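Visitor: I would like to learn how to read a structure like this one, feature by feature.
Guide: Then let us look at the model together.

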Amino acid sequence: MSELKITFETIEEQQKQLVPITKKRDDLHVFLAGSRPSVYRLSRRQLLLMALLCGSALIVLYGYWDVMMLTTLEVNRNIGQVSSGSLALQLEREVRVLCWVLTTPKYHKSRAVHILRTWGKRCNKIYFMSSQPDDELETIVLTKPDKYEVLWGKTKEAFTYIYENKLDEADWFMKADDDTFVFVENLRHMLYPYSPDMPIYFGFNFKLLNSDQKSASYMSGGSGYVLSREALRLFVHGLNDSSKCREQDDSPEDLEAGACLFNLGVAAGDSRDLKLRNRFYPMAPFESLISHYTGMDFWFYKYAYYNPRACLNCLAEYPVSFHYVQPEDLYFYDFLGYKFDLYGQQSVVEHLPEKIAPGQLVIPPSDN
C-alpha cells in the first residue's frame, strides 16, 4: 500500500514538473507563430480624416516639387544671364565709350531726353551738344548757332571740347544725332579687337567722291561714327591745317569730317561683320529688311562704299546703330533689344573676337 502511494506521489510530482515545460512550449509557439490578431474597424469619421490627411500630404509634396522645378529653371536662366552680363560688364570696363549727341534746345524734351532714358544710359559717358543748357541733360554749350548749315562747325567745336576736357574719360568717342539709336554693347563688341591707339574710325561708309583716290570713304553722320583716341587726337590737331581740313563751317558735317580724317591718315574702318552685313545703318532697319526703294538710281545705292544689299538677311546679328528713329520708337527698340525674349529659345554661347595688331589691319576695297 505504501509502495502504491509512493508511486502515485511520484507520478504527481512528475506531472507538476511537466506543466511548466508544456506552458513554456506553448508560449514559444505563440511567440514564433503569433496569435491570431483581432480585427479593428475604423469609423467613417476616422476614414474621412485619414483620406484628408493623405490628400493634404500629396498636395504639399506636389507643391514642393513644383516650386523646386521652377526654382531650378530660374537658376539656370539666371546663370546664363550672369554669364552674358559678365561679358557685357567686361566690355564696359575694357572698351570705354564716350557718346555725344548733336541736338538743339528745340529737341531737348522731344528727342534728347528720350535718348538719355534709353540707349544713352549705357554709354560710359554721354554729353549733349547744344546752344543752351538743360536741367535734365548733361549739356555742353557750343558757341555756334543752331543752324543746319553750320553742322561742320559745331562738330569741330564739339570734338575739340571733348579732346581738351574729356579725353581721359574714354577710349572711343561716338558722335550721334538726336534721331539715332545705338546698341552700345554691340558697339563695344565691334571695337574690342582694335586698340584705341590705332588711328581709325568706324561708321557706315560712303564714297568720298571729291577725292582722287578710290579708296577714300567717309562715314554717315546720321547713323553716327566712332573715333579712336588716336584718331581724335589727330583730328583735333589737324583742324588747324586748312590744307587738310576745311576751315569754313558751311559744309556737310559728315563729308568734311571724313575728308579731314582721310587727309590726316586716319583709316576708315570696315564696320561690317564677318558675313559682310552692315552694323551701322543710316536708315531705319525696315529699309534694309524690306526696302521700298527699288530703283538702283536711288542715292543710297549709288554712294554706299560697300554693296548696300536690301534683304531679310542683310543686317548684322549684332547691329550697332540706326538713323531716322522717332522718339517713341526709341523705347520700342529698347524693349526689343533688352527685355523681349522668346520662350524656349536656346541661348547662344558668345565669345569675344581676337585682338587685331596694327600690322594685321586690313580694310577691304569698295565692292559697289
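This is a predicted model: local features need pLDDT of at least 70, side-chain atom pairs count only at pLDDT 80 or more; totals for chains, interfaces and linings use all residues.

Visitor: In which sense do β1 and β4 pair, parallel or antiparallel?

Guide: Strand β1 (residues 97-102) and β4 pair in the parallel sense, over six bridges. β4 also pairs with strand β9 (residues 225-228), here in the antiparallel sense and over four bridges. On that side, Lys175 stands opposite Tyr225 in β9.

Visitor: How many of the six residues of β4 are buried?

Guide: Six of the six are buried, so β4 is largely enclosed by the rest of the structure. Now read the side chains by direction. Trp172, Met174 and Ala176 point one way from β4. Phe173, Lys175 and Asp177 point the other way. All of them are buried, the charged Lys175 and Asp177 included.

Visitor: What is the strand order in the open sheet of three strands?

Guide: The order is β5-β12-β11, and the pairing is mixed. β5 (181-182) and β11 (280-281) stand at the edges, each with a single partner strand, so one side of each has no neighbour in the sheet. β11 and strand β12 (residues 321-322) pair in the parallel sense over two bridges. There, Tyr281 stands opposite Phe322 in β12.

Visitor: How should I read the core? Which residues touch the most other members of the largest nonpolar core?

Guide: The general idea comes first. In soluble globular proteins, nonpolar side chains tend to be buried together. In this structure, the largest nonpolar core has 80 residues, and Trp119 and Leu187 touch the most other members. Take Trp119 and leave out residues up to four places away in sequence. Its contacts then include Cys99, Val101 and Ala176. Thr180, Phe181, Val182 and Val184 are also among them, as are Leu330 and Asp334.

Visitor: Which residues make the nonpolar surface patch?

Guide: Phe332, Phe335, Leu336, Phe340 and Leu342 make a patch of about 470 Å². Leu342 lies in the segment after α10 (327-338). At 46% relative accessibility, Leu342 counts as partly exposed.

Visitor: Now the charges. How many salt bridges are there?

Guide: Again, the idea first. Side chains of opposite charge can pair when their charged atoms come close. The cut-off is a side-chain nitrogen of Lys or Arg within 4 Å of a carboxyl oxygen of Asp or Glu. By this rule the count comes to 21 salt bridges.

Visitor: Where do the partners Glu136 and Lys109 lie?

Guide: Glu136 is in the loop between β2 (125-130) and β3 (139-141), and Lys109 is in helix α3 (residues 108-117). The pair links distant parts of the chain, 27 residues apart. Their side chains meet in a salt bridge of 2.8 Å, N to O. Glu136 is partly exposed, at 36% relative accessible area. Lys109 is partly exposed too, at 41%. Both belong to a network of salt bridges that links Lys109, Arg117, Asp134, Asp135 and Glu136.

Visitor: Which residue forms a salt bridge with Asp178?

Guide: Arg111 does, and the closest N and O atoms are 3.0 Å apart. Asp178 lies in the loop between β4 (172-177) and β5, and Arg111 in helix α3, so the pair ties together parts that are 67 residues apart in sequence. Next, read the exposure of each partner. Asp178 counts as buried at 8% relative accessibility. Arg111 is partly exposed at 23%.

Visitor: How far apart are the closest N and O atoms of Lys166 and Glu169?

Guide: They are 3.9 Å apart, and the two residues form a salt bridge. Lys166 is buried, with a relative accessible area of 16%.

Visitor: Is Tyr148 buried or exposed?

Guide: Tyr148 is exposed, at 68% relative accessible area. Tyr148 lies in the loop between β3 and α4 (151-165). Compare sequence with space: Tyr148 and Ser251 are 103 residues apart in sequence and 9.2 Å apart, C-alpha to C-alpha.

Visitor: What does the whole protein come to in secondary structure?

Guide: Ten helices and twelve strands. Of its 368 residues, 40% count as buried. The protein exposes about 22600 Å², and carbon and sulfur atoms supply 57% of that area. Last, take contacts between residues at least 6 apart in sequence: 76% of them join residues at least 24 apart.

Definitions and conventions. Residues are numbered from 1 along each chain as its sequence is written. Side-chain values use heavy atoms; hydrogens and water are left out. Two strands pair if DSSP finds at least two bridges between them. Patches are made of residues with over 30% relative accessible area and no salt bridge: like charges are joined within 9 Å, nonpolar side chains (Val, Leu, Ile, Met, Phe, Trp, Tyr) within 5 Å. Accessible areas come from the Shrake-Rupley method with a 1.4 Å probe; for residues, only the protein chains shown count as cover. Buried means under 20% relative accessible area, exposed over 50%, partly exposed in between (1.4 Å probe, protein chains only). A nonpolar core is a set of buried Ala, Val, Leu, Ile, Met, Phe, Trp, Tyr and Cys residues joined through side-chain atoms within 4.5 Å. Contact means heavy atoms within 4.5 Å.
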